[in-house]
Amino acid sequence: MDVNGAPSDAEIVARVLGGDREAFGFVIRRYETGLLRFATRMLGSRDAAADAVAEGLVRAYRHLASCREPARLRTWLYRIVTNRCKSHLARRSVGDVPLDEAPPLADPADGEAALERAEQLALVRRALTGLSPDKREAFVLKHVEGLSYEEMAAITGERIPTLKMRVHRAREALLKVLEEDT
Amino acid sequence: MNTIDARIHQVLDGELPIDALPAELRHRMQVVRGAADLLAVPVPGPSLESRIMAEVRRPAPSFMRRMASWFATPHAVTFRVRPVWSVAFAAAVAVFTVFFARDAGPQLGEHEGIAQFVGRFPNARSVHVVGTFNDWRPGTIALQDLDHDGVWTATVVLPTGTYEYMFVVDGERWVPDHLADRLVADDFGRENSVVIVRPVHR
């Protein structure tokens with residue numbers, strides 16, 4: 001139990017494994033936002049991301065007993081969803097994200113700042129799209145999801161120097177595109 | 001490659017305080033950080049909880065059904081090979097090829113042998129071999145120069161025997177093979193090359 005009275009990940013896992021499957025709702029509510037954001041950035045489509053996350057969380061529920069470190073549930077869930085995203089990308093003829101799915105347009109009533117922000121987001125999304133899946137994954141895990149390199153290594157199975165190199169390359173590629181377009 | 005000053009990476013990796021970054025480098029760091037902040041905004045849309053919990057409440061599929069589903073679904077397969085194992089594998093294949101696979105090849109009849117034709121024609125566009133084995137018909141046996149070094153070769157299986165032949169260069173120039181086993185005069189005052197095809201003993 002944390003300071004807010006919410007059960008810890010280890011407690012939730014124990015409850016679900018003890019037969020309280022409704023307790024899995026805590027897992028969904030706790031991690032859905034981050035997983036959906038990660039998958040959307042990887043796949044470029046909210047619908048495809050929703051499929052990947054839903055498949056991943058159902059899979060996580062069914063194999064919860066194999067989660068060796070319930071206290072690190074977050075890392076385990078990201079690993080499952082990362083693999084679902086890779087499977088989705090492998091089903092496409094090329095490994096990049098679709099360009100035709102534009103982000104939601106800002107309502108002009110929201111003001112010029114919101115419009116500008118939406119344009120910036122579209123630009124950044126396009127730049128992210130240009131990265132290889134490996135670099136995109138590394139950048140999003142590091143800078144969007146705020147994970148440490150140790151957590152990223154646990155999720156991807158890659159070595160920390162490899163991940164650092166990918167993040168560095170991703171930053172350089174993104175900066176190149178963003179500086180050219182602004 | 002648009003390289004970034006190493007100190008920007010260090011700040012973004014949390015290894016260096018931002019104060020340590022010169023003012024002229026801060027803008028580039030802020031561009032990267034700003035992009036990340038934009039991407040970190042939650043993706044709007046309905047919650048997946050009801051969809052996932054509906055699956056959670058459904059009885060798990062049987063083992064056979066899961067297996068069928070697994071085989072029917074595409075999976076990403078990643079091979080990661082250490083260079084040392086690649087070299088070892090290549091060496092093993094080479095050893096196998098040398099000691100075990102050298103007998104592999106076309107299955108020749110008792111009265112068949114292999115004839116190899118080699119000629120040096122540096123500027124040729126095409127080279128064919130004609131002779132008594134193909135009734136002197138050009139265009140049936142082409143020589144190849146795969147590495148473009150001007151040396152054209154062809155290896156063909158022929159019935160055992162002695163044959164006269166010539167090369168036809170670029171479809172019009174008939175020249176004998178001076179490296180042949182021997183040369184003989186033909187009825188037109190020219191020389192034909194001679195090749196003797198012997199049976200291959202196994």
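Predicted model: local features only at pLDDT ≥ 70, side-chain atom pairs only at ≥ 80, totals over all residues.
In which loop of chain B is W136(B) found? W136(B) sits in the loop between strand 2 and strand 3 of chain B.

W136(B) has a positive phi of about 60°, although it is not a glycine. D135(B) belongs to the loop between strand 2 (127-131) and strand 3 (151-159) of chain B. The phi of D135(B) is positive too, at about 55°, and D135(B) is likewise not a glycine. As to accessibility, D135(B) counts as exposed because its relative accessibility is 58%, and exposed means over 50%. W136(B), with a relative accessible area of 27%, is partly exposed.

**Chain B as a whole**

Chain B contains 5 helices and 7 strands. Read from the N terminus, the order of its elements is α-α-α-α-α-β-β-β-β-β-β-β. The chain has 202 residues, of which 29% count as buried. Among contacts in chain B with a separation of 6 or more, 59% are made by residues 24 or more positions apart.

A115(B) gives a local view of the strand region. This residue lies in strand 1 (residues 112-120) of chain B. A115(B) has a relative accessible area of 2% and is therefore buried, the cut-off being under 20%. Leaving aside residues up to four places away in sequence, A115(B) touches A154(B), T155(B), V156(B), L158(B) and V197(B). P159(B) is 44 residues from A115(B) in sequence, and the C-alpha atoms of the two are 9.7 Å apart in space.

**The interface of chain B and chain A**

The size of an interface is often given as the accessible area lost when the parts come together. For chain B and chain A, the buried area is about 4,000 Å², 63% of it on carbon and sulfur atoms. L38(B), L39(B) and V43(B) supply 17% of the area that chain B buries against chain A, more than any other three residues. Counted by residues, 37 of chain B are in contact with 47 of chain A.

Polar and charged pairs also cross this interface. The rule finds 18 residue pairs in polar contact there, both residues being at pLDDT 80 or more. Helix 1 (6-12), helix 2 (23-39) and helix 3 (49-57) of chain B each contribute at least two residues to the side of chain B that touches chain A. The residues of that side comprise 23 nonpolar, 6 polar and 8 charged. The number of salt bridges found across the interface is 7.

**Salt bridges**

Over all chains, the structure holds 20 salt bridges.

| Nitrogen side | Oxygen side | N to O distance |
|---|---|---|
| R51(B) | D51(A) | 2.7 Å |
| R37(A) | E145(A) | 2.9 Å |
| R28(B) | E179(A) | 3.0 Å |
| R166(A) | E158(A) | 3.4 Å |

R37(A) and E145(A) form a salt bridge, with 2.9 Å between the closest N and O atoms. This pair links distant parts of the chain, 108 residues apart: R37(A) is in helix 2 (residues 24-43) of chain A, and E145(A) is in the loop between helix 6 (133-144) and helix 7 (149-156) of chain A. Both R37(A) and E145(A) are buried.

In the salt bridge of R166(A) with E158(A), both residues are again buried.

The side chains of R28(B) and E179(A) meet in a salt bridge at 3.0 Å. This pair crosses between chains, from R28(B) in helix 2 of chain B to E179(A) in helix 8 (residues 160-181) of chain A. Is R28(B) buried or exposed? R28(B) is buried, because its relative accessible area of 18% falls under the 20% cut-off. E179(A), at 31% relative accessibility, counts as partly exposed. Elsewhere, R62(A), E55(B) and R58(B) are joined into one network by salt bridges that share partners.

Notes
Residues numbered from 1 in each chain as written. Chains lettered and ligands numbered in written order. Heavy atoms only, no water. Helix = DSSP H or I, 4+ residues; strand = E, 2+ residues; numbered from the N terminus. Buried < 20%, exposed > 50% of the residue type's maximum accessible area, 1.4 Å probe, protein only. Contact = heavy atoms within 4.5 Å. Buried area = accessible area lost by both parts, 1.4 Å probe. Salt bridge = Lys/Arg side-chain N within 4 Å of Asp/Glu carboxyl O. Polar contact = N/O pair within 3.5 Å; in protein donor to acceptor, adjacent residues only side chain to side chain. Nonpolar A, V, L, I, M, F, W, Y, C, P; charged D, E, K, R; others polar.
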